[in-house]
Amino acid sequence: GSISTGYEIANSLLLEGSDSGMNYNHQQMTTGGDDQWAANANAGTNTKKATVSMWIKRSALSPSSGNGQHMRLFHFITGGTATSLYLTNDKINMYDDSTSAYLVSNRLLRDFSAWYHIVVAMDSTQSTAANRVKIYINGVQETSWSSEDYGNQDAVLGMFSNSHVTWILGAAGSDNGQYTFNGYMAEVHFVDGEQKAETDFGKFDSSGIWVPIEYEGNYGTLGAYY
């Protein structure tokens, strides 16, 4: 049940960085144009709390160097400060420039037949460091890290650290497509102002497979669902 092999998700989005016929800018999710989602960060519900939930299915491994080495799953950037989740050497990497959080998993995500559900739940106000960033993969909290820094207490998250925030899925803005994720995405939630649990977005079915459920919570001022 730790990998949702065999479960089908309808209406997913295909991202492909190596297809010369595709413009990577069109792989960036947006509310008002082809390039990206953007808003005033200082209008957020709470600058120290946020959650991103997404389902992904890989179609290519991460090369050891060159284009695609760091496959971005999501990238929030305000000026030069970012909150980002990506795959490097097939490991989950998460960083936040503002809080100094940086996590690299020991676990490898290499199964092309599996849907992976990833939740990144952040709350820098937590007094216990390990509670400031929680990452869940298919309903189980990840606790084994090769690099482990949960960030500074009470720091503003990088995605809210300046007045204007841009949110990009499957790429990293002006990096000319070199950080493009290769694979599928579905059921992407951005919750502004709350650190949510994995059970807000999924559950184990009767066979022990982790599957998506309808999210019934709030999204906050800047939150979104794709």
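Modeller: Happy to! Let's begin with E142, which is buried because its relative accessible area is 10% (buried means under 20%, exposed over 50% and partly exposed in between, with a 1.4 Å probe and protein chains only; the areas come from the Shrake-Rupley method with a 1.4 Å probe, and for residues only the protein chains shown count as cover). Before we go on, please keep in mind that this is a predicted model, in which local features need pLDDT of at least 70 and side-chain atom pairs count only at pLDDT 80 or more, while totals for chains, interfaces and linings use all residues. Residues are numbered from 1 along each chain as its sequence is written, and side-chain values use heavy atoms, leaving out hydrogens and water.

Now to the pairing itself. Side chains of opposite charge can pair when their charged atoms come close. E142 meets the side chain of R107 in a salt bridge, at 3.6 Å from N to O (a salt bridge is a side-chain nitrogen of Lys or Arg within 4 Å of a carboxyl oxygen of Asp or Glu). This pair links distant parts of the chain, with R107 in strand β8 and E142 in the loop between β11 (140-141) and β12 (145-149), 35 residues apart (strands are DSSP runs of E, at least two residues, and helices are runs of H or I, at least four, numbered from the N terminus). Elsewhere, salt bridges that share partners join R58, D90 and R110 into one network.

Let's walk through that network. D90 bridges to R58, with the closest N and O atoms 2.8 Å apart. Here D90 sits in the loop between β6 (81-88) and β7, while R58 belongs to strand β4 (residues 49-58), and the two are 32 residues apart. Both of these residues are buried. D90 also pairs with R110, at 3.2 Å between the closest N and O atoms. R110 lies in the loop between β8 and β9 and D90 in the one between β6 and β7, so this bridge ties together parts that are 20 residues apart in sequence. R110 counts as partly exposed because its relative accessibility is 48%, whereas D90 has 4% and so is buried. By the salt-bridge rule, the count comes to 4.

D97 is partly exposed, because its relative accessible area is 39%. Leaving out residues up to four places away in sequence, D97 touches G80, T81 and A82 (contact means heavy atoms within 4.5 Å).

Finally, the wider surroundings. The protein chain has 0 helices and 17 strands, and buried residues make up 49% of its 226 residues. Among contacts between residues at least 6 apart in sequence, 69% join residues at least 24 apart.
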